[in-house]
Amino acid sequence: MSESDNIREPSKAAGGWGALKSVGRQLMGSGAPVSNARTLLKLNQADGFDCPGCAWGDPEHGSSFEFCENGVKAVAWEATRARVTPEFFAKHSVSELQGWTDYDLEHQGRLTQPMRYNPETDHYEAVSWQEAFDGIATALNALDHPNQAEFYTSGRASNEAAFLYQTFVRLFGTNNFPDCSNMCHEASGVALTQAIGIGKGTVLLEDFEKADLVFCVGQNPGTNHPRMLASLREVVERGAQVCVLNTLKEKGLTRFADPQEKLEMIRGGSEPTSTHYYRPRLGGDMAVFRGMSKVVLEAEDRAQAEGRPAILDHAFIRQHTTGFDAWCAMVRATDWDHIEDQSGLTRDEITAAAQLYIDAERVITTWAMGITQHLHSVPTIREIASFMFLRGNIGREGAGLCPVRGHSNVQGDRTVGINEKAPAALLDAMEKELGVPLPREKGHNVAQAIGAMLDGSARAFFALGGNFARAVPDSTLVAQALGRLDLTVNIATKLNHGHLMPGKVSYVLPCLGRTEIDRNSRGERQMVTVEDSMSMVHGSGGINLPASKELLSEVRIIAGVAKATLGSEVVDWDALGDDNDKIRDMIARVLPAFGDFNKAVRQHRGFWLRNPASEREWNTPSGLASFGEEDLRDLTEWQQVKGQQATFVLQTFRSHDQYNTTIYGMDDRYRGVYGLREVIFINPADIEGIDAEAGDLVDIIGCHDDGRLRACRGFRVVPYDIPRGCIAGYYPEMNELVPHQTYGDQSFTPTSKSVVVRIERHQP
Ligand SMILES: Nc1nc2c(c(=O)[nH]1)N[C@H]1C(S)=C(S)[C@@H](COP(=O)(O)OP(=O)(O)OC[C@H]3O[C@@H](n4cnc5c(=O)[nH]c(N)nc54)[C@H](O)[C@@H]3O)O[C@H]1N2
Ligand SMILES: Nc1nc2c(c(=O)[nH]1)N[C@H]1C(S)=C(S)[C@@H](COP(=O)(O)OP(=O)(O)OC[C@H]3O[C@@H](n4cnc5c(=O)[nH]c(N)nc54)[C@H](O)[C@@H]3O)O[C@H]1N2
Ligand SMILES: [Mo]
């Protein structure tokens with residue numbers, strides 16, 4: 001394919017016929033088009049299954065079916081006809097499979113049987129479930145200490161699976177819970193807990209219908225939360241404002257043609273999804289919010305001097321917050337040069353954005369990875385919260401904070417105890433429920449688990465879903481460390497690179513997916529539950545026949561491993577593994593917020609988990625919402641490594657055809673890239689600066705100074721409307737460049753959106 005085939009005009013709007021065409025292709029490509037079309041009708045329905053795509057909420061009064069192009073991809077991906085059987089593993093050795101791409105591995109289809117690695121033949125071989133459970137138990141019990149094991153969770157796991165898993169792991173004796181959330185919204189959890197006493201957002205989907213202004217910051221909903229576009233579009237249609245802060249001009253944040261709107265599709269029309277669009281530099285958002293707060297404070301001064309009504313919500317600030325004076329002094333002392341330099345926006349731009357805020361009664365701020373994957377993500381989110389406190393934009397209709405979660409149940413997993421530093425209240429309640437003491441010392445997050453694997457203190461890795469080896473920074477280094485462990489276990493639906501670095505003893509345990517019917521030993525259908533970004537908990541029950549007769553639910557697999565490892569004296573694993581209602585009863589005893597869980601979840605559309613901050617009740621040490629305490633930093637030193645020519649700051653993000661490490665296809669339609677993932681997006685002026693031309697191949701070299709050579713070679717230069725000095729490329733390929741030693745302060749999240757690199761001429 002020539003270079004002009006790879007790089008073309010991007011689509012004019014997100015959604016539209018391009019999305020429908022893609023849906024058709026996905027359904028046909030799955031090998032089961034008809035049954036998958038039927039499957040889609042049950043997506044996000046009260047009696048169907050929760051979309052495994054993202055964690056955006058479902059509308060309260062949604063009667064028509066709710067899905068999006070990328071939800072379809074997620075479903076077709078799981079409901080494929082292709083199978084990875086024992087014969088497949090007999091044919092391909094692990095060393096051979098290591099050379100395959102992520103795309104090729106996952107396109108082999110669904111895993112069908114439990115497999116054990118045979119180091120003598122270098123092949124995975126089929127085993128019975130009981131052999132697998134016993135083998136894992138023996139290896140776990142042979143460790144010198146439970147803390148030598150790392151228990152990873154990916155955010156697709158249901159509440160029931162996650163709760164049972166943390167019960168098992170804590171009884172086994174460790175709090176080592178590295179979690180995909182550590183690489184994702186951890187900073188939101190940390191910062192919001194400090195600011196408002198709960199690590200979750202405070203808005204409901206209905207609030208978007210009432211907001212006068214939505215700030216949409218550092219996220220790309222057109223690809224990653226497509227159903228959110230409908231909400232943004234509705235805000236704009238109502239005459240309210242959507243102000244985007246994004247380093248790139250993302251298609252979905254400009255226009256959206258809703259494939260579910262028949263007339264619009266026929267007319268080929270589309271509607272705007274934003275009214276204002278500003279492009280800060282990577283990591284510049286704290287400066288933007290600081291600048292906007294400065295404008296608001298100055299406007300308040302003028303209003304006071306002129307005897308006009310106040311702009312600040314003084315009553316809210318007085319009654320509900322602490323730290324206002326100190327924070328104000330800091331904001332006033334920050335000068336405009338510093339703000340402009342750090343934000344990459346001009347004072348005029350920031351003033352115009354702040355004026356929108358001053359003019360709006362009800363404001364929502366949403367954000368995702370563009371905010372959370374930086375060194376200073378926690379202070380940035382504190383700054384966002386402080387800005388919102390100024391006019392009391394929290395805990396009332398149409399206003400609030402909305403971190404838009406990634407994996408469909410990543411928020412729920414945390415709620416039910418996947419937490420390496422679980423609150424004492426949860427551990428107390430678990431001890432009361434189980435009647436035995438549990439470990440209290442903090443466990444490992446992802447960064448610490450990687451450290452323990454690299455220094456040899458970790459000996460076992462167990463994954464409830466996900467693709468740890470590819471999702472983490474320095475992925476090759478970490479994959480090699482996985483291969484040195486005594487035990488690796490992966491519960492998974494599809495084969496990925498994380499399974500191909502087997503430890504001495506290694507198992508791959510295939511599980512049912514969310515779209516599949518799960519029956520217990522009495523033949524009763526089981527459902528699971530999930531929690532979305534708006535803290536709504538709902539049920540999810542599959543409708544397709546399982547991909548293989550051998551598959552077990554995640555819950556039953558966890559129960560099997562737990563029983564073999566710990567015995568059944570404290571917990572009747574067989575009973576819990578066989579009846580999700582029993583797990584839910586246990587969750588409700590440990591976490592009273594779930595109320596009469598089994599009853600509530602069977603109501604139409606589930607129920608809302610109470611969020612005190614959304615009712616202006618602050619579970620912070622002071623009992624008040626807390627203004628930020630950090631001053632604006634100077635990113636320059638961090639972002640420019642001294643003595644190195646032409647350094648750039650790289651963000652690693654998602655293309656339109658991927659789900660994290662799962663690559664559905666090679667196109668990124670909204671950005672005009674086709675058939676290729678090895679690209680870098682770069683400002684045309686910077687292309688000249690590195691003496692290259694559009695379409696050239698270049699090498700991108702990491703600048704982190706620890707003696708390790710980090711390189712992505714032969715990437716194609718794509719001119720793009722992106723601030724100078726900032727470049728962008730795709731994760732997971734570029735995880736080779738992300739150093740595992742640099743992570744966010746307090747969040748420990750890899751700095752995947754600010755990787756310092758230089759660009760060199762390609763050396764074949
Ligand atoms: N189809 C699909 N859906 C998904 C996923 C998927 O891979 N595919 N992943 C799921 C998961 S786990 C997650 S966490 C979410 C991720 O959802 P997003 O956060 O939307 O994910 P990214 O692709 O990383 O996009 C980051 C966005 O932030 C912008 N950005 C980057 N750095 C900065 C910055 O410093 N400032 C500002 N203002 N903007 C910045 C980028 O230009 C980009 O638009 O999506 C979830 N949904
Ligand atoms: N450089 C860089 N790195 C990043 C990011 C980034 O933006 N840039 N984003 C980070 C983020 S936000 C996240 S959330 C992580 C994601 O990290 P992970 O959650 O670990 O990765 P996924 O790619 O979502 O996992 C895909 C695998 O999950 C398994 N799977 C799918 N469905 C199921 C199921 O129902 N049950 C089970 N048991 N397994 C299933 C399949 O085997 C599939 O191969 O990556 C992080 N890494
Ligand atoms: Mo995520």
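Colleague: How far is an oxygen atom of ligand 1 from a polar backbone atom of N660?

Modeller: This is a predicted model, where local features need pLDDT of at least 70, side-chain atom pairs need pLDDT 80 or more, and totals for chains, interfaces and linings use all residues. Residues count from 1 along each chain as written, chains are lettered from A and ligands numbered from 1 in written order, and side-chain values use heavy atoms, without hydrogens or water. Read the pair as a polar contact (N or O atoms within 3.5 Å; within protein, one must be able to donate a hydrogen and the other to accept it, and residues adjacent in sequence count only through two side-chain atoms). Here, the N660 backbone sits 2.7 Å from that ligand 1 oxygen.

Colleague: How much of ligand 1 does the protein cover?

Modeller: Accessible area comes from the Shrake-Rupley method with a 1.4 Å probe (for residues, only the protein chains shown count as cover). On its own ligand 1 has 920 Å², and the protein covers 99% of that.

Colleague: Which residues come nearest to ligand 1?

Modeller: A residue is near if one of its heavy atoms lies within 4 Å. There are 31 around ligand 1, with N246, E250, D285, Q658 and N660 nearest. By class, that shell holds ten nonpolar, 17 polar and four charged residues; Ala, Val, Leu, Ile, Met, Phe, Trp, Tyr, Cys and Pro are the nonpolar set, Asp, Glu, Lys and Arg the charged one, and the others, Gly included, are polar.

Colleague: Why say that ligand 1 lies between two domains?

Modeller: Because domain 3 (196-403) and domain 4 (636-761) both contribute residues to its shell. The bounds come from an automatic or database domain assignment.

Colleague: On to ligand 2, then: which residues are closest?

Modeller: E106, Y152, S154, E554 and T661, out of 31 that surround ligand 2. The shell splits into twelve nonpolar, 13 polar and six charged residues. Domain 2 (83-184 + 409-515 + 557-591) and domain 4 (636-761) each supply at least three residues to that shell.

Colleague: What touches the oxygen atoms of ligand 2 at 2.7 Å?

Modeller: One such distance runs to a side-chain N or O atom of S154, and another to a side-chain N or O atom of Y731. G466 uses its backbone instead, a polar atom there lying 3.1 Å from a ligand 2 oxygen. Alone, ligand 2 exposes 930 Å², of which the protein buries 97%.
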